[in-house]
Amino acid sequence: MGKTRAGFRQKFLNRGLINFAGLGLVDMQVDSPPVPAAPLILDTLPNPNLPNAGCPRRARVELDLLLMAIEALDVSGSEAILQTAQHLELQPIIPGRVKLWLMRGTNPMRRYSQRRSLSLDEAKALTLIICFLSKRLTVLIRQLLFGYQQLSDKSLALEHHFRLGDYLERFRTLFRSRMNPKRAGVIAYNTDEKLNDLAITMLTRLLFCTGTQGPQRLWCSLFDGEVV
Amino acid sequence: MTVQRQYILPNCTLLVEGLAGADGSDPAAPLTVVLHAECQFPGIVMPLKGGREFLDGLVQAVSDYAQSILSGVPNLLASREAGSIVTLEPNGPNRHSVTVRPTTDEDKGEPQTAVLTTVQFFDLMEAIDQLLADTQTLPELSLPLQPIPRRNVKPPESVAQRAAPVVVGASTLVVAAAALFFIPIPDLKPTRAPQGNNSQRQEQVELDGESVPGTTAQSGEPLESAAIADPTDPIAAAAALSQLEVAAPAITDEDTLAALQSDLVDRVESELDSDATFDDRLIYRVAVSETGEVLGYKYENEPALTQVEATPLPSLMYLPVDGDRPLDEPVAQFRLTFEPDGSVTAERVDDDAP
């Protein structure tokens, strides 16, 4: 087998079809590890015409809160986020838990907020993950919103819907444990009612992410009022 | 050939009827001409219907409205757009009302309206997305997705709110300027810098030190501090005297001078041993304060320097408490002479001829 292959190579070399030395591959100096190419799936989202590099503040807050809503819906949500990153072949951007934590830390409302900004590729990766996971949770999201509709039409407390009450409580707990209570943006949500409203808003947005064009719509909406 | 396409979702059914292909012979040809479009919602009796214009308006309006739900940023341009026959606006916390104006050619008069729940609206949007993704129906119809430019977004604060800080700042400045206008400008009196005084004094001391042979080696030392450290040192006492010469005004009153002169002689004689004798005449220049304290003395001849311990001058020397502060009380200067036989005389020294 090996002999045959060597024979083939010799034949090609003789014909001059493959000339490794000529291509400079033989004595090529490698100074740095090869730069991993950005996953192709990111090209489905166009680059917005932003005045400065990095994602605007609202986009960073939005992405983090949507991920938090997914975690509130799904108990194993944080694990699912990492698995989805693997499934969508986004490891070059999100290699692990720490990178994900750093990316979500760009939300300025966080307790351990990162000073760096979120790059567009990172934001695209998070957008795709949110849409993928929300699509998996479509049935639950629709049930919760339908229940919310019925309860609010009858002016009943939201806790009457067991599953909805569970979601709201988990969302409030996650929000309070992760957000810096001294920030003005967080002080605005200092009551259960305001946090419930935020949780329902995020649930509604997750519903719109579940659609056929969900990623494109979510991606576009992140830059509303920011592009020039 | 008339073709019907249906996009069925749990809460919305979108029906598009039209002609496929130019000649109608190819069954796989895409639907390109819309004759009729209809939206049905369960629980709402009247479906929304219309022609191509209705469908185009619906695609645009639903897309814009969905984007504003996702971002929470209202689009000023979309709400102002009068050209579209379909408008969507929020109706209460969880309701969205769709209004379809009658087109001019149909002329039915009454606009069609429907109030949708969020889930129903989402299904409408999803039906439209599926229609757009369907290459067999209206392939030229594309999704008009664009982020809203900055200029089309209503600023979160009104113009009056944004102008308020500027106005408050400017008016505060005006008020402060008006108040300060009535305060007179303080006239600045030039004061003698203490640093300059010190250096001048130091120079004077050094000059004096050089004038006496045998003391040149010590003249470079910081004499001022020595004067405070050891009042018995003749060099230091001389420095103190030099300080006084520079800084202190002279006493000019004749009576005071005479009194101080006799007082000085009395005090020195009382301190001096009665049987003291000197090899030579000892001549000192002495500065005395108004109260008779000896503030400084200086040798005038060589024996005066070597035999200063035999005179009572070191013990009479007054040590100022605060050595750093220059003395500015008036002084009188006398030339004090110890004769070899032990007698003491004092005579006035004029400032002009020391």
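User: Hi! Is R205(A) buried or exposed in this one?

Analyst: R205(A) is buried, at 8% relative accessibility. Buried means under 20% relative accessible area, exposed over 50%, and partly exposed in between, with a 1.4 Å probe and protein chains only. Bear in mind that this is a predicted model, where local features need pLDDT of at least 70, side-chain atom pairs count only at pLDDT 80 or more, and totals for chains, interfaces and linings use all residues. Side-chain values use heavy atoms, with hydrogens and water left out.

User: Thanks! Which residue forms a salt bridge with R205(A)?

Analyst: That would be E62(A), with the closest N and O atoms 2.6 Å apart. A salt bridge here is a side-chain nitrogen of Lys or Arg within 4 Å of a carboxyl oxygen of Asp or Glu.

User: Where do E62(A) and R205(A) lie in chain A?

Analyst: E62(A) lies in helix 3 (residues 57-73) and R205(A) in helix 10 (residues 192-209), so the pair ties together parts that are 143 residues apart in sequence. Helices are DSSP runs of H or I with at least four residues, strands are runs of E with at least two, and both are numbered from the N terminus.

User: And is E62(A) buried or exposed?

Analyst: E62(A) counts as buried, at 5% relative accessibility.

User: Nice. What does R172(A) meet in a salt bridge?

Analyst: The side chain of R172(A) meets that of D192(A), at 3.8 Å from N to O. R172(A) is in helix 8 (residues 162-178) of chain A and D192(A) is in helix 10, so this pair ties together parts 20 residues apart in sequence. R172(A) is buried, with a relative accessible area of 12%, whereas D192(A) is partly exposed at 33%.

User: Switching to chain B: what does R281(B) pair with?

Analyst: R281(B) forms a salt bridge with E339(B), and the closest N and O atoms are 3.4 Å apart. This pair links distant parts of the chain, 58 residues apart: R281(B) is in the loop between helix 8 (254-271) and strand 8 (282-289), and E339(B) is in the loop between strand 10 (331-338) and strand 11 (344-348). R281(B) is partly exposed, with a relative accessible area of 44%.

Conventions. Residues numbered from 1 in each chain as written. Chains lettered and ligands numbered in written order.
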